[in-house]
Amino acid sequence: MGLGVIDLPAFSLEGTVEEVFYKKGLPKVVILKTALGTVWIKLEKSLRRELVQLPKAGDRLRLAGTISDKYDGWVKQYKASYLEFLATAQASTAKSSQLCRVLMCQKSSCCHRGAKELWQELEAQRLPITLKATGCMGECKRGPAVVVLPHKKRLTHATVQQIRELVLATEAQGVEDNGN
């Protein structure tokens with residue numbers, strides 16, 4: 001084994017694409033709903049460039065790659081080096097409701113101010129959200145720092161109640177949109 005070589009654990013997951021995030025016109029992150037739950041999977045740069053077909057919401061995929069620990073082992077980062085299309089979404093398939101994404105700083109300052117506890121409370125609430133750990137958001141003394149999407153609402157000293165209200169507002173908006 002050479003100097004600096006780390007043998008990372010591997011993964012192979014199958015699931016349905018919930019959302020894809022792009023950078024410079026290429027897919028960077030795929031949110032995959034699997035039998036085990038929802039997983040954020042980053043695509044390796046070489047894989048992004050090789051793709052002939054771009055993944056979209058509703059597609060069934062098989063992704064494989066490595067898992068690494070981020071933020072002192074608190075979060076697992078999935079990085080795919082292999083992508084296979086199992087089925088493509090029908091053109092008429094529409095997302096029935098918009099899923100809220102909660103981006104939460106997991107750096108030490110926010111963790112000391114309750115980010116880990118907030119994360120655990122949100123998981124226990126079983127809200128229709130996807131939690132995503134991030135690095136520093138520049139609000140170190142006012143943590144925990146959170147961004148709630150699709151609102152693009154930044155929260156400092158974030159609480160479960162604040163996040164729940166934004167999620168319920170998103171669900172109400174989705175009901176109104178579906179009713180028109």
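Of the 180 residues of the protein chain, 37% count as buried, where buried means under 20% relative accessible area, exposed over 50% and partly exposed in between (1.4 Å probe, protein chains only). The model is predicted: local features need pLDDT of at least 70, side-chain atom pairs count only at pLDDT 80 or more, and totals for chains, interfaces and linings use all residues. Residues are numbered from 1 along each chain as its sequence is written, and side-chain values use heavy atoms, with hydrogens and water left out.

**Exercise 1.** State how many helices and strands the protein chain has, and give their order along the sequence.

*Solution.* Helices (H or I, at least four residues) and strands (E, at least two) are DSSP runs, numbered from the N terminus. On this basis there are four helices and nine strands.

**Exercise 2.** Describe the open sheet of four strands and identify its edges.

*Solution.* Two strands pair if DSSP finds at least two bridges between them. The strand order is S7-S6-S8-S9, and the pairing is mixed. The edges are strand S7 (129-134) and strand S9 (153-155); each has a single partner strand, so one side of each is left without a neighbour in the sheet. On average, neighbouring strands of this sheet are turned by 20 degrees against each other, direction ignored; axes are lines fitted to C-alpha atoms, for helices over the stretch in contact, and angles run from 0 to 180 degrees between N-to-C directions. Strand S8 (residues 146-149) runs antiparallel to S9, to which three bridges join it. Val 146 has Leu 155 in S9 as its bridge partner.

**Exercise 3.** Determine how strand S5 (residues 75-87) pairs with S3 and with S4.

*Solution.* With strand S3 (residues 37-43), the pairing of S5 is parallel and extends over three bridges; here Leu 43 stands opposite Ala 80. With strand S4 (residues 60-70), the pairing is antiparallel and extends over 11 bridges; here Thr 66 stands opposite Lys 79. The hairpin of S4 and S5 has four residues between the strands, and Tyr 71 takes a positive phi near 55 degrees in this hairpin.

**Exercise 4.** Locate Gln 106, and decide whether Gln 106 is buried or exposed.

*Solution.* Gln 106 lies in the loop between strand S6 (100-105) and helix H2 (108-112). Its relative accessible area is 4%, so Gln 106 is buried. Contact means heavy atoms within 4.5 Å. Leaving aside neighbours within four places in sequence, the contacts of Gln 106 include Tyr 71, Trp 74, Trp 119 and Ala 133.
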